[in-house]
Amino acid sequence: MASSASFVRKRLARLGRRLGGGLLDVLYPPRCLSCNARTPEGDPLCAACLAGLERVRPEAVRRRLAERPEAEDVFDGALALWRFDPDGALRAFQHALKYRNRPRYGVAAGQWLGQALGDTLPHGGASVAAVAPVPLHRARRLERGYNQSTMLARGVARRLDTPCRPDLLVRTRATRSQTHLARRARWKNVAGAFDAAHAPPTDGPLLLVDDVLTTGATATAAAQALRRAGAARVQLATLALAG
Ligand SMILES: [Zn+2]
């Protein structure tokens with residue numbers, strides 16, 4: 001009897017896995033991470049919360065990157081979509097993406113970013129040769145299960161209909177978390193932390209994707225690695241501008 005009970009249990013577990021997300025969506029319909037309203041498309045934030053996010057003006061991104069000459073020289077253009085407000089809707093989103101194992105939220109947000117890029121880039125972003133996420137160190141990725149920037153990059157690439165290349169860059173050394181470091185220390189912390197694992201495609205600009213732009217130190221170090229490997233043009237896109 002014990003063995004037939006365990007057989008039934010195993011069959012039920014397998015059935016549960018097969019139904020997977022679909023069944024979960026019926027039992028727990030997707031809700032906005034910020035206000036808890038239903039989001040029929042399964043988006044992490046509802047239309048009202050999205051509309052309430054503050055768009056970042058291009059000058060604000062340029063000013064931020066102009067604080068360091070390295071960053072000015074390395075990017076051919078940069079876009080940060082929304083202002084990061086520590087009390088706002090993006091905070092709930094970022095927390096879920098980073099700490100609650102929600103990779104598909106990253107792909108959904110990447111499509112929002114891709115939409116904005118398509119509206120601003122020449123030819124709707126069709127000239128972009130590839131989308132490259134800023135990599136996490138392997139140890140950090142294993143701990144989290146995925147790189148949130150890769151999920152964003154996938155959504156961007158899907159929207160721009162261009163290849164996503166998470167293999168282009170590697171993080172060659174683990175770096176301390178940037179969160180509690182002063183601005184100058186952030187640059188030292190990530191300088192030389194990236195390398196290109198492959199020659200980047202040169203038939204158009206590369207689009208480097210990260211979740212948050214703070215000082216630009218991490219993105220600049222990653223872009224410098226792409227340049228060293230022969231990339232002629234690198235553009236930057238982030239979901240948020242912090243600080
Ligand atoms: Zn909402």
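Visitor: What average pLDDT does the chain have?
Guide: The chain averages a pLDDT of 87, and 89% of the residues score at least 70; pLDDT is the predictor's confidence in each residue, from 0 to 100. This is a predicted model, in which local features need pLDDT of at least 70 and side-chain atom pairs count only at pLDDT 80 or more, while totals for chains, interfaces and linings use all residues. Residues are numbered from 1 along each chain as its sequence is written.

Visitor: Where is confidence lowest, and where is it highest?
Guide: Helix H1 (residues 2-27) is lowest, at a mean of 59, and E2 is highest, at 98. Helices (H or I, at least four residues) and strands (E, at least two) are DSSP runs, numbered from the N terminus.

Visitor: What makes the end-to-end distance of H8 agree with a helix of its length?
Guide: The expected span is 1.5 Å times one less than the number of residues. H8 (residues 148-160) has 13 residues and should therefore span 18 Å; its end C-alpha atoms are 19 Å apart, which agrees.

Visitor: Why is H8 called mostly covered?
Guide: A residue is buried if 20 or more other C-beta atoms lie within 10 Å of its own, exposed if 12 or fewer, and partly exposed in between, with C-beta atoms placed from the backbone. By that rule 12 of the 13 residues of H8 are buried, among them Met 151, Leu 152 and Val 156. The buried residues of H8 pack against helices H5 (89-99) and H6 (103-120) and strands E2 (130-133), E5 (206-213) and E6 (234-241).

Visitor: Why is Asp 161 called exposed?
Guide: Asp 161 has 12 C-beta neighbours inside 10 Å, so it counts as exposed. Asp 161 follows H8 and is found in the loop between H8 and strand E3 (169-171). Its phi is positive, about 55°, although Asp 161 is not a glycine. Most residues other than glycine have a negative phi.

Visitor: What makes Val 156 and Leu 208 stand out in the largest nonpolar core?
Guide: Of its 67 residues, these two touch the most other members. Domain 1 (7-52) and domain 2 (55-241) both give residues to this core, so it lies between them; the domain bounds come from an automatic or database domain assignment. A nonpolar core is a set of buried Ala, Val, Leu, Ile, Met, Phe, Trp, Tyr and Cys residues joined through C-beta atoms within 7 Å.

Definitions and conventions: Contact = placed C-beta atoms within 7 Å.
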